Amino acid sequence: VVRCTLLAFRSLVRKYDCDICFTPMIVAADFMRSIKARDSEFTTNKADRPLIVQFAAKDAMTLAGAASAVAPFSDGVDLNCGCPQRWAMAEGYGACLINKPELLSDMVRQVRNQVENPNYTVSIKIRIHKDLKQTVDLCQKVQAAGVSWVTVHGRTVDERHQPVHYDAIRTIKDSLSIPVIANGDVKNLRDVESTYLRTGVDGVMAARGLLANPAMFAGYEETPLECVWDWVDIALEHGTPFTCFHHHLIYMLERVSSQPERRVFNALSSTSAVIEYLQKTYGS
């Protein structure tokens, strides 16, 4: 969900029972190199807590430096070791890191050493290996290095829409003493409950499911109109660019609008046109 979980959207899901939010993935090297990148990639406020800042990084010192920069304004950093996109893998980021347990352990230790706050968390988000023994070994090594928790997307790097391997997540959970968070195909509260029952994890993360329904954790089956108007208010308050404002509404209205309605809505090109459409179609 790169470019999606910005401050405005995090503010929305927090209104609907989301316990903890993550920033979009930020490339740590760019973040450290450029003031412009820091200003555009990371925005928060006092109500935006607890907050985890997720970084893409491939060396320990860069990650530790980025963690130190955001530590006063957040509750932890998360290293993305699960992104399967080609550009990330080619640059040495994301899911290719699951094959480098020693590097990951060093990265965790360096953040621990550099951030003074002992309560500041350091976590990783991974995909699983085809040989699950490798994943268990990886997780045990980062646990020994001091990682706070591990989030497991229950698919391999090559899998996209295949079923989630819940048995693999349970095996990882049973092999660790730290918290384990499950991720993958969480679209409603029933999925949260069934994932917990099948894996025994300590928490459940949702990404695309929350884009489609930001009120999911509050028990709504589809985005309620109240949530739509909450998004309009929050987005306008934060000065959200139109593309982002519109993009989120396209996701949110997908299940509650007809195909002809979606065709009209998706072609709108201004904030005023979107608000007028929403008022005419759904009422204020």
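Q: Which residue does Val-27 stand opposite in β3?
A: Val-27 stands opposite Ala-56 in β3, where strands are DSSP runs of E with at least two residues, helices are runs of H or I with at least four, and both are numbered from the N terminus. The model is predicted, so local features need pLDDT of at least 70 and side-chain atom pairs count only at pLDDT 80 or more, while totals for chains, interfaces and linings use all residues. Residues are numbered from 1 along each chain as its sequence is written, and side-chain values use heavy atoms, with hydrogens and water left out.

Q: How many bridges join strand β2 and β3, and in which sense do they pair?
A: Two strands pair if DSSP finds at least two bridges between them; here strand β2 (residues 26-27) and β3 pair in the parallel sense over 2 bridges. Strand β1 (residues 21-22) also runs parallel to β3 and is joined to it by 2 bridges, with Phe-22 having Ile-52 as its bridge partner. Strand β4 (residues 76-81) is joined to β3 by 4 bridges, again in parallel, and Gln-54 has Asp-78 as its partner in β4.

Q: What unit do β3, helix α4 and β4 make?
A: Together, β3, helix α4 (residues 60-70) and β4 make a right-handed β-α-β unit; right-handed is said when, with the strands pointing away from the viewer, the path from the first strand over the helix to the second runs clockwise.

Q: Are the residues on both faces of β3 buried or exposed?
A: A residue is buried under 20% relative accessible area, exposed over 50% and partly exposed in between (1.4 Å probe, protein chains only). Leu-51, Val-53 and Phe-55 on one side of β3 are buried, as are Ile-52, Gln-54 and Ala-56 on the other. Because 6 of the 6 residues of strand β3 (residues 51-56) are buried, the strand is largely enclosed by the rest of the structure.

Q: How many aromatic pairs does a search of the whole structure find?
A: A pair of aromatic rings is described by the distance of the centres and the angle of the planes. Rings of Phe, Tyr and Trp (its six-membered ring) pair if their centres lie within 6.5 Å, with planes under 30 degrees apart counted as stacked, over 60 as edge-to-face and the rest as tilted. The search of the whole structure finds 5 such pairs. In one of them, the rings of Phe-9 and Trp-231 have centres 6.2 Å apart and planes at 75°, so the pair is edge-to-face. Since Phe-9 lies in helix α1 (residues 7-15) and Trp-231 in helix α11 (residues 225-238), the pair ties together parts that are 222 residues apart in sequence. Phe-9 counts as buried at 4% relative accessibility, and Trp-231 counts as buried at 0%. The rings of Phe-265 and Tyr-277, with centres 5.3 Å apart and planes at 55°, form a tilted pair, and both residues are buried.

Q: Which side chain does a polar contact join to that of Asp-230?
A: A polar contact is a pair of N or O atoms within 3.5 Å; within protein, one must be able to donate a hydrogen and the other to accept it, and residues adjacent in sequence count only if both atoms are side-chain atoms. The side chain of Asp-230 is joined to that of Tyr-16 by such a contact of 2.6 Å. Asp-230 is found in helix α11 and counts as buried at 12% relative accessibility.
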